[in-house]
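Please go through the model below together with the text that follows.

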Amino acid sequence: MTHVLIVDDDADFTSATQQILQKLGHEATVAGSVEEARAILTHSRFDLLILDIMLPDGSGLQVLETCDEDQLESPIALVTGHPSVKSLVKSLYGPNITYLTKPLNLAKLRSLLPGDDDEGAASGDDNANPAAHFGFLIGESEPMKKLYQIIERVANTSANILLQGESGVGKELVARAIHAASTPSAPFVATNCGALPRELVGSELFGHEKGAFTGAVKNKRGLFERANGGTLFLDEVTEMPLEQQPILLRVLETKTVVKVGGTEEIPVDCRVISATNRDLDNMVDEQCLREDLYFRLAVFPVTIPPLRERGDDIKLLAQYFLQCLNEENATSLTISEEQLETLAGYEWMGNVRELRHAIHRAHIMSDRETGRLELPQQLASPFARTTGHDLSEKLVGSTIEDVERQLITMTLEHCRGNKKETADVLGISLKTLYNRLNKYSEAS
């Protein structure tokens, strides 16, 4: 039995956590303030402390000041994701600190309990579900550790950030992690620039006044206004029409927006995190982003590693995705070490998104009676199964445009005409896909 002290003034949170611990066979004591926790710690010792940072009469850190050296040797969980707090606590109290975000689920709670985290490492049970860094990111490989360090450094600044990486690496999750590490209580507003209709880009980003154009029946706040004080995430920023980019540049320079059809300059103060799956050479060659806008957006450029460069995380991610699916569907499927090795040996050109989809498909097809996950015989997407020899024979004499058209057509057929799914599989925006299909239609 583990003795746990929960220090939090959120009655719903403490009640739910206490009930879960009791059902697991552990004992939980609750305190709603620093003073109450200090009084309890003077005559009792606990195997685990769960502390909220913000309490009515102070901080959870003040509770630690009451603890003797023996108590500080026990696991301590702080309900926070802010890197500045994390660094401070590590410097004062050492590395024996875990960081959590609400709400706590069963897997997170069990992972904290001493003696429970060594069982079923590859079995897919609750203990296999790792804690997400900054609440969003899974991975313990060296490339991911370097990424976490970058997030911690940039989180304490207001610099605009450009995230670069292949389709499926998790650029929006990284953006949300940066936001959670800097201004978690402020708004996080996201949009896909490639999906915005050309004629409505200004209205969506900056808002419009009633009557500014046909259909503008009332005033509208733009994305910049909605993100004021927080973070605006511009996904696929390189798909934004070139004629709209000077307006975005002016907003970044002046920190003011003028609504479509309006004259008033409205101050806005938000960090802009943009993302693209194009590399710098491609952006230059395709001339899809103005140079002056690039330097405004990429004050701090961050490259997110593809999954094949962080192979040590594949097993961890597979277990995490399986456990999430088990929780969502009230199932208890497990995955064997042999299956994990199979997943680890695949290249995952679609990155984390492809791995997640593979686990999801396997979860759907698995027999609930056996309780064992059944991986598909072919992990690769159908359009990626052609051998190098066969592919070379088909491509000889073809133009780049012909190859692109063939790939899009095959993918669209595989997705049974679903254009949104086709765009996701190809790693392009829906708008780009429509442009290509319209071009092919006009040429035929």
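Contact here means heavy atoms within 4.5 Å. The model is predicted, so to speak of local features pLDDT of at least 70 is needed, and side-chain atom pairs count only at pLDDT 80 or more, while totals for chains, interfaces and linings use all residues. Residues are numbered from 1 along each chain as its sequence is written, and side-chain values use heavy atoms, with hydrogens and water left out.

Apart from neighbours within four places in sequence, isoleucine 266 is in contact with Glu225, Lys255, Thr256, Val257 and Lys259. For one of these pairs, isoleucine 266 and lysine 255, the C-alpha to C-alpha distance is 8.4 Å, at a sequence separation of 11 residues. Isoleucine 266 lies in strand β14 (residues 266–267); strands (E, at least two residues) and helices (H or I, at least four) are DSSP runs, numbered from the N terminus. Is isoleucine 266 buried or exposed? With a relative accessible area of 16%, isoleucine 266 is buried, where buried means under 20%, exposed over 50% and partly exposed in between (1.4 Å probe, protein chains only).

Next comes a sheet. Five strands form an open sheet in the order β9-β12-β15-β8-β16, with parallel pairing; two strands pair if DSSP finds at least two bridges between them. Because β9 (188–192) and β16 (300–303) are at the edges with a single partner strand each, one side of each has no neighbour in the sheet. Within the sheet, β12 and β15 (residues 271–276) run parallel and are joined by 4 bridges. Threonine 231 stands opposite arginine 271 in β15.

The largest nonpolar core has 30 residues, and Leu205, Phe224, Leu232 and Leu234 have the most contacts inside it. Such a core is a set of buried Ala, Val, Leu, Ile, Met, Phe, Trp, Tyr and Cys residues joined through side-chain atoms within 4.5 Å. At least two residues of this core come from each of α9 (201–206), α10 (223–226), β12 (231–235), α11 (245–254) and α13 (291–297). The largest share, 4 residues, is from α11. Beyond four places in sequence, leucine 234 is in contact with Thr191, Cys193, Leu205, Leu248, Val272, Ile273, Ser274 and Ala275.

Finally, the chain as a whole. The protein chain has 20 helices and 16 strands, and 45% of its 444 residues are buried. Of the contacts with a separation of 6 or more, 68% are between residues 24 or more positions apart.
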